[in-house]
Structure formats: structure tokens, C-alpha cells
Amino acid sequence: MKRISIFILLILLSVTGCKKVSKYEGIPFTEKEPRDWENPGLFQINREAPHSTMISFPDEQSALDGLSSNSPDYISLDGIWKFNWVKTPDERPFWFFKDDYDTRDWEDTDVPSNWQMRGYDVPIYVNIPYPHKMDPPFIPHDWNPVGSYKRSFKIPSQWNGKEVFLHFGAVSSAFYVWVNEQLVGYSEDSKVPAEFNITKYLKAGKNSLAVEVYRWSDGSYLEDQDFWRMSGIQRTVFLHARPVTFINDFFAKADLEKNYSDGLLKLDVAVRSTAMKEGDFTLEASLYDGTNKIYTEPKEVKLADGRGAASFSRSFPGINKWSAEKPNLYSLVICLKDKDGNALEFVSSRIGFRKVEIINSQLLVNGVAIRIKGTNMHEHDDINGHVVDEAMILRDIRVMKSHNINSVRTSHYPQQELWYQMCDKYGLYLIDEADIESHGIGYDKDVTIADKPEWAAVHLDRMQRMVERDKNHPSVIIWSMGNESGDGHNFLNGYKWIKGRDDSRPVQYERAEHFTNAPERHTDIWCPMYPKIEELESYAKNAKNDRPLIMCEYAHAMGNSTGNLQDYWDVIEKYPKLQGGLIWDWVDQGLLKTNEDGEKYWTYGGDYGEEGIPSDGNFCLNGLVWPDRTPHPGLAEVNKVYQYIGFDAVNLPGGIISIMNKYDFTNLSEFNFEWEIVADGITIQSGKVAVPDLKPKNSKTVTLPLNKIDPAPGTEYFLNIRALRSDEWNSVPEDHVYASAQFRLPYEGKPLIVNTDGLEMLQTKTTGSNLEIGGTDLKIIFNLGTGRMESYDFKGKELLKKGPEPDFWRPPTDNDYGYNMDKKLGIWKKAGERTKVTKANVSQPDMGKVVVSFTYEIPGSDGSKIGDYGTTYTIFSSGDVIVKINSQKSPGRSPRFQEWECRCSFRKNLPI
């Protein structure tokens, strides 16, 4: 009886413990009009002002370590969330933010992620067009998917009395946030953080969090980048506790002075209090070189209306400077103390002393005119879309630096904070670009939203949030206001704001001062896209052009490309005003799929969704590396052209080589130089050469101890030289080859002489238009009318299905189609088939040798002559046939062929 009573009691407890849930069916919901996501003047509600990246720590050592996960004031909300997806806003669960809303039939999804990579919706790839009807600021209501996310969290008891902030690293493209059923705020901009103070919404115990994400918003008109259009909570989410009075922001300008030899730290720190309007506090700034504290200084701060600030300034003689080659970093720690000296919190940042300036039309870093050997880079993972982890970031940096790439433009939006920290650490120059591109609207000065007043505030907001977040990173040497968005006063005003906020970096924008209503100067760097080489030279020669030229995009890497990169760099290295460029682009944006047979393959635009989904096909596959970061063959060419050590032959027989140091801050004494002589692929001599002291921008000759070579007949000899390091250098492993060169040595053995004494006699016979050449084991037939070899029989076996014929064509690459090569040069596609014999000649200089030669005329599709072609066959009774060909384009053809260089080959058909 007692056992039954306990059982009944347990049932009653479980029933009373069940929480009533509802789908809120039939409960009316009133939409806001106009919708926030169709109002360009409203792009945030209740969002915190942007500030530099920081995490609060309780002590100095943990701040020095800088691991946010070790801070007791940090809680990650990454992981599994409840998720619901609908196609239109009208279908969304309006009341899902209610704590009793029934989510039991919802699925789980991971955060961060793009929902298109988790089986919802369709990933869309387009370049210029918008993926939806273009009608700014409006978005189609019949197709604007909405993702609803829910989870709960608990606040630690030690957070009582603190301010709690909810931080979203990035959400695409617009979202609302509720905590405990209360609307916290709204935010747009898919690529920068949004932070909300949620302190007043919290309660003891479990708290609910609801997030409603819209695939498209009016902000999407500023996010028309050439990449996959994906949605969701796509960067990390966390809670951050701060004391009531806390460090709100800081700007550490780690500059150089005294001829770039000494460091000059100028630090501005802002303090904010949510509880008091006035009070006395102390800010203490400290600088560490490793574990060695080299500076500390306190400053009193008086708060008024909850705000206060302090500024610090200190010189550091003989500082270790930061550059992409020598990324020396120091640790800055800032402590806020109350009036009794109690530490309220510590924040930290890794900073680097370096100076960026433009002098005499050149971009200087630490007083040196650098060259940008760069690439553009999208945020891409072939499995996770726009969600990129630390391992992939490190892989990108390692492959870049091992191929002599020193710069990246964050095309066309700010990347996650970890990317900048890694670039600070390992050394890459960054052009940090705001999340602004309205390419699909066009560049017309009276149409572009770059000059529409109603879009002014959102343009400025995106630039400001980038600058405020990333201002303390030494890797960021240039601010970019956006990409391909026309031009107008919205960019002019953005330029003026950035220059007023940060005078330590130049600002650029490719469309600035082009076809604009705002002709006032507003780019410090002339940064064109895909200029011709002659345009670069013309710019450099014009004394009126007083800005450095750095191509923001060039050498489009799609397909078998980057082949004329050396031609660009011959001109770049000739003129000081030309300072390089950034290749388009880094990684193929392929998405990994598995077919029914378990085979993995990469997909591209058009591989998803129903017919009619917008797509620009495989134009997203234009990187230097495959989606898994395996290098394309074209990256080897980039590596060679970008290399920082030049080799020239001075006296090859004597082994005298000139070595040029093209580095900006690295002495070649840090490298090991190896050489070898190779004969037909076999190393016959090798050694090392010492280069004890060769400063940047200098050259010297070295003598390699080559032994005398007795050249063998028919053998080619090459001198190879390589530069390596015996240490790991900025993430690149030891013994990596950073530069190399190959020279053909001027050695030739006596030519091989064919011994014809033992050759049997060849017979020739002409029957009609056929010429037959025969011997004991050989029979070859030519058609004298067509100039083709018709048959090649050796020892009773036919070696050709069809004789060779001239071929002036190769399959076009994607870039060929991009400039209509198939149409402009299509006259050559069938030219080999149209050749006409104008002369045939047969001779027999020896009994066992016959020479057959043909001269052809190459007619165009209209019958007019476009070139000449010749073939000579030298046939031996041994069965050997030597073929020589030559060709020449006719002069005076249309201009589109003037730069055509004749290349021809034989198309052969061999039996299987």
C-alpha cells in the first residue's frame, strides 16, 4: 500500500511539473509598417555602439593570456539551438519568443552555421544581379525566408550586480532578439558584430533567448558581393559580463618616431558607467614584451554623466617594429580600478609598432615603400559555407605566406576577429573593407544609392563599425570603404569621418571620383580594377598623378590563369608609384557534396534549387586554390613572380650570379642558398653558397664553385639555385623554398650524328595524288593534294589511324569566354582543317633517307588568306620520322589579331 502511494505521488508531481505549451494559433499579430527590414533609415534598435574587440578578465595574468574561454565573465552560446524555417515572413511563428511556445516539433541546428548548409533553403550564387527582385528598399514578401532560433541559458551567481551583454559575431542579414519574452533589439549588417545590453531583461535561473533572422532586408542592397548568398547566425554568439563601471573602448596607436627607430604609444581609453553619473576611478596601462613588463602608468579618471576618458603617451627607444615580414607584437593590458584601488577588470590587446604613410606618391610602412603582393579573399568553407574555423584560417595564412603573398583585401566585408589576430601574429598586410557593395544597382551617379540621402546613415554606420572594431590591429594598414557601389556623397562623408577618427592609415575606394556627384578627392590610393599594363605605365609617367597606384583587383585567377603576371610586375617594379595589386581571388567557392555512389565533388552556382533560381554558374570558382586550399597550378606562377629574391646571370660559365634582395625588412643572411647542375634531369654537381650580409633593396654577386663540365652529346645543362630557411618563419615550416631560379648553361656537346651507313634503301612511288615511301619494314603514304600523312605502317603494324594535321586552337578557359575569345579569335578554330597545299617537294639526299615538305596557305572562313604554314618530314628506313613545322600570320589582318602569337601543334590519332 505504501509503495502504491509513492507511485501515485510521483505521477502527481510529474503532472503538476509539466509546463503547458501552445502554438498560439489564431492569436492575431500586428506587423509594424513600414517593416524595419524595408526601411534604410532604420538599421538597428537598442544596439550598443561599436568598439574595439575586448574581453573582461579578473586579473592581469589571464588578460595577458587573452583566452576568452578562460574568462569567468565569458559564456559561449555556440552549440545546438532549436530551429524553425519558413519561406515567407507571413508564415513565421509570430509568437515563438514566448516561453510557453511549443517548439517540440522544431529541429536542432548548430550555431554558428548557415542554414543553407544544414538542409534548409537554397544557397544562391550570383555576381552582379541581386538574388531577388531589385526594388530598393523593398524585399519580395513571397520569398524572404525567416529562420527562428531558440535556446536557454543560466547566469552564474557571481555575475549578480554586473552588466551583461549579448554579442553576435555576425548574422545574415537582419535579426530581432528577445530575452525572456521581451524584445531586446534589432540589427542589420551580415559581417560585423551586434551587441546588446540585456541586463534589465534577465532573471534568476533559466533565461530564454529567441532570435528571428531574415534572409533578406534593405541591408541586402548593400551586400551584393560576388559570393554565395547564405543566411543565419554565422559567427560566434556569447554572453559577456562587465562591472557596472567598465572600459568601454580603447584606441592604441602604436606609432614610430625618430626616423622610425623608436616606438610611440598613444592610447585613448573610454570608461562608461551604467549606474553612476560621476565618480573617481583609475586607469592603469601596461605594456609587455613577452612576459617582461616594459611600461606601466596610472591615470585618474573622473566620470561625468556616466562617461570618462584618459589618454596615455610613451616613447620606447629601439622598439621591435611590426611588419608582414617581422610581425613583432607587444601585449597591452588596461586595468580599471575604483577609488580604493580595487581592480574592477582587465582587458588586453596584442599591438604592433609600425607607421603607415603616403610620402612622395608612395605607400610607406616603417619608412619603406612596400609592394603589395596580394590576393582578395572571401570567407569560405566548402562544408560550412561562410563559417570558417581557426584551422582553416591558419591553413590559408600558411599557404599564402609559403607562396610569397604578403597582403589580403578582405573582399568585400570585414572578416571575423580571429582572422585579424592571426594576421597580426603571422604577418599579413590587410586592406580592411566595409560590408558595402551595391553593384546590381549600377554606377549611374543619379541612380546609385551611394548618393541617396536616405541611405547615408547606413553607409556611414557600416564604415564606422568596421573601423571601431579593427582599429587596434597592426595588420590593418589601409581602410577600404567598400566595393563596386557607385560613388557619391555617402562615400565622401565616410572618407571624412574615417580620416577624422584615424589619422594613422590611408583610406581607399575603387569607385571614388568616377562618374560622381561628389568629385571632391576621397581616396588616398588610386586602386583600379583590371587595368591594362599600358594603362599602369601611362599613370606612372604622368606627374599629375600624385597617389600610389595599387590594383584592388587584377590577374583574374579563374581557370588556367595568372599567366601574364610577370608582364605586370616588370612594369610595377620599373616605376616607384606602382606598388602592386591583389589578385582576384584566393579560394574557389565550391561547396562539397556527395553523389549516390559516395563520390565527393564540388558544386557551384546553379547546382541548387529549382529551375529559375538566379545563378552565375561557375564564376564563383576563380581562386588560386581549390576549396580545400590545395594550390592550383596558377599559384606556382604567383609564387615565382612574387618571390622576394631575384637572381640574374652575370657569367654562367664562371658561376657568377647576381642576387637581389627584394624584401623590405629581411636580410638575406637569414636564408640558406643551395645550387645544383642538372643534366637531363640528373644532378651532377651541387653545393651551398653563403650570403652573409645582404640588406633589403641591395644586390651582390656571388661565385658558385662550379667544376668543369665535359658536355655529352645531345645533353642540356641547367643551373638551379634555391633560397631556404632552416627555421619556421611566420607559420611556414623549415626548409621551405622561398625563391628559386634556373639558368640554361652554355654547354653543348657534339651533335648526335645519325649513322646512315647501315640504313637500307628507301623506295618512292607516286600513284595519282599519293606518294608511297617504302622499305623492308616501313611503308608511309602521303596525300600530295592535302599535304597529309595518310598511313604509317612499321613491321606490318599500322601506327596511325589518321595522319597528323595542323591545329591552331586550344579549348577556351573560363577567362577566354569572359572576353569573348571564342568569337574574337574563332577564325583560327578550324584553320588547320582549311589549309591548302601550295607546294609539295620530295627529295632523297641519301639512299635510306627521304625528305617530304609541304607549303600551305591558311584561308579564313571567308576564303581570304590569314597565314602560311609549312611541314617537313624527314624519313629514315629505320622507321624514325623527324617532323618540323613553321607558321606565320599574314600581316594587315584586323586589329583583333595584332597581338595574336602563332602557336601551332599536331593533332594526332594513334591506335589504342
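N180 sits in the loop between strand 9 and strand 10 (182–188). Its phi is positive, about 50 degrees, although N180 is not a glycine. This is a predicted model.

**Positive phi in loops**

- N180 is buried, with a relative accessible area of 9%. The cut-off for buried is under 20%, so N180 qualifies.
- S731 is another residue other than glycine with a positive phi, here near 85 degrees.
- The place to look for S731 is the loop between strand 40 (717–724) and strand 41 (737–744).
- S731 counts as buried, at 3% relative accessibility.

**Cis peptide bonds**

- The bond that joins E33 and P34 is cis, and its omega is about -5 degrees.
- P34 belongs to the loop between helix 1 (2–17) and strand 1 (44–45).
- A cis peptide bond also runs from S172 to S173, with omega near -5 degrees.
- S173 is in the loop between strand 8 (171–172) and strand 9 (174–179).

**Helix 7 and its buried face**

- Helix 7 covers residues 533–541, and its buried residues are L536, Y539 and A540.
- Look down the axis of helix 7: these buried residues fall within an arc of 95 degrees, so they line one face of the helix.
- What do the buried residues of helix 7 pack against? Their partners are strand 31 (549–554), helix 8 (565–572) and strand 32 (578–583).

**Helix 8 against helix 9**

- Helix 8 also packs with helix 9 (residues 633–642), at an angle of about 20 degrees. The two axes are 10 Å apart.
- Helix 8 is therefore roughly parallel to helix 9, because angles under 35 degrees count as roughly parallel.
- Is the crossing of helix 8 and helix 9 left-handed or right-handed? The crossing is right-handed.
- On the helix 8 side, L565, Q566 and W569 make the contact. On the helix 9 side, the residues are E637, V638, V641 and Y642.
- Sorted by class, the contact of helix 8 with helix 9 has 5 nonpolar, 1 polar and 1 charged residues.

Key:
Residues numbered from 1 in each chain as written. Predicted model: local features only at pLDDT ≥ 70, side-chain atom pairs only at ≥ 80, totals over all residues. Heavy atoms only, no water. Buried < 20%, exposed > 50% of the residue type's maximum accessible area, 1.4 Å probe, protein only. Helix = DSSP H or I, 4+ residues; strand = E, 2+ residues; numbered from the N terminus. Arc of directions from axis to C-beta. Contact = heavy atoms within 4.5 Å. Axes fitted to C-alpha atoms, helices over the stretch in contact; angles between N-to-C directions. Parallel < 35°, antiparallel > 145°, perpendicular 65-115°, else oblique. Left-handed = near helix turned anticlockwise from the far one by under 90°. Nonpolar A, V, L, I, M, F, W, Y, C, P; charged D, E, K, R; others polar.
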